[in-house]
Every structure is written in structure tokens, then in C-alpha cells.
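Hi,

Here is the structure I promised to pass on. Please have a look at it first, and then read my notes below.

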Amino acid sequence: MSVDPNLLTPYKNTGAANASLRQISEDAFYVVNEVVMKRLGHVPILKGDFHLLPAKVQRFIAEKAELMRPRGIFICDGSQHEADELIDKLIERGMLSKLEAYENNYICRTDPKDVARVESKTWMVTKNKYDTVTHTKEGVEPIMGHWLAPEDLATELDSRFPGCMAGRIMYVIPFSMGPVGGPLSKIGIQLTDSNYVVLSMRIMTRVNNDVWDALGNQDFVRCIHSVGLPRPVKQRVINHWPCNPERVLIAHRPPEREIWSFGSGYGGNSLLGKKCFALRIASNIAKDEGWMAEHMLIMGVTRPCGREHFIAAAFPSACGKTNLAMLEPTLPGWKVRCVGDDIAWMKFGEDGRLYAINPEAGFFGVAPGTSNKTNPMAVATFQKNSIFTNVAETANGEYFWEGLEDEIADKNVDITTWLGEKWHIGEPGVAAHPNSRFAAPANQCPIIHPDWESPQGVPIEAIIFGGRRPQGVPLIYETNSWEHGVFTGSCLKSEATAAAEFTGKTVMHDPMAMRPFMGYNFGKYLQHWLDLKTDSRKMPKIYHVNWFRKDSNNKFLWPGFGDNIRVIDWIIRRLDGEQEIGVETPIGTVPAKGSINLEGLGEVNWDELMSVPADYWKQDAQEIRKFLDEQVGEDLPEPVRAEMDAQEKRVQTL
Ligand code: GTP
Ligand code: SPV
Ligand code: MN
């Protein structure tokens, strides 16, 4: 990964912020120390040895300190001691409190205005608009990526970042996505004025001093984050959670490998290693370097015969990745082990197989719905050393959220909701925010895969797409080819969830489960997928699943969770070449009746669960054509268009 020095020029030469945004070119070494020290000015280093850091890092820190003017700089080492000190400080301030029922578990409530990713304020900044977005039909707003011109970014940054850390500490977080020093791993450095972010990044990524050594000659992704509320604070801070919801901005400069995030402390807005780096910036790097950065879980599935298969699955936010990745099989003799629950970086190896790593080190999982019944492995993972955000708390010092009603000992216990109100099970309203989450170290998961930190990754045999589709979409189908699979991924849809700012349950397009995370022109992204196929490579088979189909009484037709192993079993038998278990339909191959093991399940309405309704799919074909024409237009790769045409024709025969 290298940065073109020509790109490292100021946006314009006016204004204090723009002067500070200027990056010093790589050949200006002889002036560095002087310039750096001047820029650092009188900002004291509160912890860490600034002078031991690589020169390029010193420059980065000094420039940004000059711009944001914190009261001190704290260079994190990621140690337990460091975390303990921060935790004590936050407890004293009232931002964190200990959940007394566990070891080292903490709860945090945010300002209720800062509870999820803000897709509408997330921008990609490129000189050429069409590097970011597709050529949409005239008058149609692109939904896959929002473009901001460099000049406009400069204005936006100028109006936010100068002095934004006044009175606060600027933490410097060195982190590695992927095992430190691994061939697929990348390094980032995040500057932040949020201590919650420091604690969370320590769980979600690898933060330690080895990162400085690994940095060597490689470049790093520059991550700049501020809650956007300099001191003295003019407005009231709610729940000791400083933020600036009206001024939120999450901007990415892909060519410069740089991220600017302002105004939010929550999740993907502020833990910049996650969606900003590992998906939006990384997908750009991946395109340049010939690999893939995807919103996918990675799981290892061992069959009763002892053979293991690795599978990656892309579902939109809050659609079941964490649950599938940690599935506890209800079929005897099966074993699932988790490699990752949210993001996969994948690259073809010399042997032609696709290898995947999980770039993260922790799980930032949806709390509501997580229980010993649905996901016992996640529950085991977050019994210690975890942070819970916007969940409820019982008077016994336990966490609580919707879905735990049957599992807490005292059903009448006093509960404090995520909004700080008294509440009891059965009363109106909800206890936890629907996007409340746990952050837990991945290595605490009892079924974490022994190779989860293998620097080379694990070989993927199948890719699964899926979403929340209450109507029309069968439980499982296999696509006909890599190209048909790419087309199927490009039409991915799901009901909206609480993971972003959308409300209601409308079915929205979420191509490849990447709509909120697209790092560049979606048509080029599809072309990149197509280009990955070569004769010498073993392309994974591509499937589509739907755990969420409903009957006429609005009840799920499929039990889901641990029973999803029954679908995985079918997928693996297909990988093995079992032809007779499939029936071709216009959208792909569905299971032949009886070919999915339903033993031990109660009543399952097979016909309703697997049907491919003519009306639905004829209408869907039209809708997909409209969507791809309007949204992707001339950028749609020809092979994907051909798949669309062919599927539309096949669907007419239903
Ligand atoms: P992000 O972290 O937002 O990317 O989400 P995710 O894809 O990891 O979603 P997660 O596994 O956390 O699931 C979100 C919600 O879906 C939870 O409330 C789960 O209980 C529910 N869910 C997961 N799997 C199933 C399933 O098989 N059936 C049903 N009915 N619900 C499920
Ligand atoms: C998602 O929304 O897909 C998440 C949570 O995984 S966040 O990190 O907030 O993006
Ligand atoms: Mn996610």
C-alpha cells in the first residue's frame, strides 16, 4: 500500500484548517523535526515516547494536533493497565458503570441522539465523482455511496476540526487489522478524543506496541475522529456522552487512505478500523491489489465424517451474521467454529483457492435477540472484559435486553432501561435500544477457530448472500455460476433494521450487503468480482438464503438459529456434487423435497418455505431491471446485465 505523493497536496491554500491539512511530502525529511516540533507547539505528551515513533507518524500526529488543539497527547499501548486506568476514570465521571454480576463487564449509555451509523452523512471524497458513484439515471440519487468533492470536504472540515479537541486529550491508537505483520494485514492509526473509543478499539482491533515495528516501510491508514464538542462545552452533555449529532460527518479519502469522522461516538461512526477502514478504504486497496474486502462472516463447519469446510456469508447489518458465525448445530455430530462475524478480507492463493482472514479482533454484536437459546456462544463470549452500549441493567447488576425475558432468574427485578428509566418485564416499551450492542474479545468465544488468527487465512468454498425477506424468497437456493452469483448479490435486498437511521420495515436494496459500506463505483466493484474469476482459480459456489420468510399469520416459516445447520448441510452436500438433491428453478437450484434434514423439527411447511411464486418473481424481475438501470446504468458490467436478461426470461416460464 503506498500513497501517491501528488495526491498529498492541500485542497486550497486558504484558512487555518487547510494549511494544517497539508501533508509534508516524503522527500522533505531534512525539515521534519523542526516542522514537527513547531506544529506540536506546546501540546504536552501525556503518555508514550513521541520521539521513538516513526517520522511519518510524528508528522501525522503533529499536523493534527496543530489543527485540533487538544490539551495533551496520549499514545496508547493497548495494555490492560492502560485500559484499567481509563475505566476507573470513566466510572468516576459516570460515563461507564460496572455490571457487578460479571468480571470486568461495563455498561455505557449514549446520548439518545447517537445510537447508530449515519449512512446519510457518510461520504467518499474523490476528484472524479464517478470514481465514487455510478452513472445513475438523470434525477436519481445514487444509494450506493455518497460523493463529496474535495473542495467541499475542505469547507466541511474547516468548519468542524480546527480546535475541535480543545480541553480534551487526543489519544493516538496504533492498530492492526488482521494479525500484526500478516501478509493480508494492514495498519491504521486512529486519533480520537473519545476514551470510549480507545477502550472499544482495544477490543475490536489489535492495539499494541508491535504495530510500530510492523509499520516499517509500509504506510498506514490515517484515522481522525472527534466527538466534536470542544471544551468549554456550550450545550448540555447527556449521559456524559459528548457528541454533536447535528454536525456529524464521516468522510473518506480513498486515494490518500484517510478517514475524517466528526460528531458521533457510536459504533461504525467512531471505531474507524471497522466499516470506514476495513470496508470502505480497504475495498479500494483490495481493488488495486486484486483482493476483496467484504461485509461477511467466516465460519468453519465440520461434518460428522470429520471433514471441515469454510464458508463466508454476506448479510446486511442486523440480519444474522454473528448468529450464523457462532451457530450451535441442532444436528448431531456437526461442529461450527467461528473465524469472524462481520468482515472478511479475501485473496486467492497460489493454489487457486480463496483465502479469508477476519481483520477484526472482537465482536461488536447486536444485543437484542441474543440469548442462551439463540446464540449461547455469543453469551459465553461476553461474560467478561466486555462493554455493553445502550442495553438495560437489572438491579442485580446484570445486562438485560429484549429476548432475555426467559433467562433472568428474577422476573420481577427492577430494570433500568437504556434511557435510564425504571421498568419491569411486561411493561410497555422496550428496555434496550434495538441497536444496542456488546463489544467482546473474539478470543473469549468458546468456539473460536484455532486458525482464526492464521495470517494466511482459511480457504473458502462457498459464499452465501441473504437478507430479511418476508415474502417470495425461498429458504435457500444455489446460483448457477460465479456470474449468476454476482448478479444475485447485486440484487440483494432486506427489510430495514435499526443498525442505521432508517425506520420501519420496508424492504430496501442492499447489494452485496455493502450499500452502506461501498468504497467506490458499484459497477466497477461488480466488475472487480467478475475479474477475480480465472481458469486456474477454484471459484466458491454462491448461494442465497432467507431465514426470515413469513406465513400469512406473520410468523417465521423457519426456526432459524441452530437449525440453520440443516441448510448448511444441504450446501455442503451440493459442494460435494450431489445433483439429485437439487431442483432447478428460474432463480437457481432449490432443494428437492425432503433433501433438507428436518428430523426433530416440529411442523415445517416445506412448500411455502421453498416456493418460487410466479407473480412475485415476475414483478421482482421488473423491479431489479429498474433498479440496476437507474442505479448502475452504463456502469453495469455486461455479464451481469446478461444474467439479468436471462433470469427475466426464465422467470416468464414460471
Ligand atoms: P451487524 O453486526 O449489524 O452487521 O449484524 P449481523 O448480521 O451480525 O446480525 P446478528 O447476527 O447480530 O443478528 C441480528 C438480529 O437477527 C438478532 O436480533 C438476531 O436474534 C436475529 N437473527 C439472527 N439469526 C436469525 C435467524 O436465523 N432467524 C431469525 N428469526 N432471527 C435471527
Ligand atoms: C453494522 O451496522 O453492520 C455493524 C455495526 O456491524 S457498526 O459497526 O456500527 O457499523
Ligand atoms: Mn456489520
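Helices and strands here are DSSP runs, numbered from the N terminus (helices H or I with at least four residues, strands E with at least two). S185 counts as buried, with a relative accessibility of 7%. The scale behind that word is: buried under 20% relative accessible area, exposed over 50%, partly exposed in between, with a 1.4 Å probe and protein chains only. A polar atom of the S185 side chain lies 2.6 Å from the backbone oxygen of P179. That pair is a polar contact, meaning N or O atoms within 3.5 Å; within protein, one must be able to donate a hydrogen and the other to accept it, and residues adjacent in sequence count only if both atoms are side-chain atoms.

Before you go further, some housekeeping. This is a predicted model, in which local features need pLDDT of at least 70 and side-chain atom pairs count only at pLDDT 80 or more, while totals for chains, interfaces and linings use all residues. Residues are numbered from 1 along each chain as its sequence is written, chains are lettered from A and ligands numbered from 1 in the order in which they are written, and side-chain values use heavy atoms, with hydrogens and water left out.

Another loop residue is P230, found between β10 (221-226) and β11 (249-253). P230 is partly exposed, at 31% relative accessible area. Its C-alpha atom is 9.8 Å from that of F161, 69 residues away along the chain.

The largest nonpolar core has 161 residues, and W345, M346, Y399, I463, I476 and W529 have the most contacts inside it. (A nonpolar core is a set of buried Ala, Val, Leu, Ile, Met, Phe, Trp, Tyr and Cys residues joined through side-chain atoms within 4.5 Å.) Helix α10 (residues 273-289) gives the most to this core, eight residues. Because domain 2 (75-94 + 140-289) and domain 3 (294-360 + 448-611) both contribute residues, this core lies between them. The domain bounds come from an automatic or database domain assignment. Another core, of 35 residues, lies apart from it and includes A65, V125, L157 and V211.

On to the ligands. Ligand 1 has 22 residues around it, and A318, K321, T322, N323 and R437 come nearest; a residue counts as near if one of its heavy atoms lies within 4 Å. Polar side-chain atoms of T322 and N323 each lie 2.8 Å from an oxygen atom of ligand 1, and for R468 the distance is 2.9 Å. Taken alone, ligand 1 exposes 660 Å², of which the protein buries 92% (Shrake-Rupley areas with a 1.4 Å probe; for residues, only the protein chains shown count as cover). The largest share of the shell around ligand 1, three residues, is from α11.

An N or O atom in the R117 side chain is 2.8 Å from an oxygen atom of ligand 2, and for H295 the distance is 3.3 Å. On its own, ligand 2 exposes 290 Å², and the protein buries 98% of that.

Best wishes
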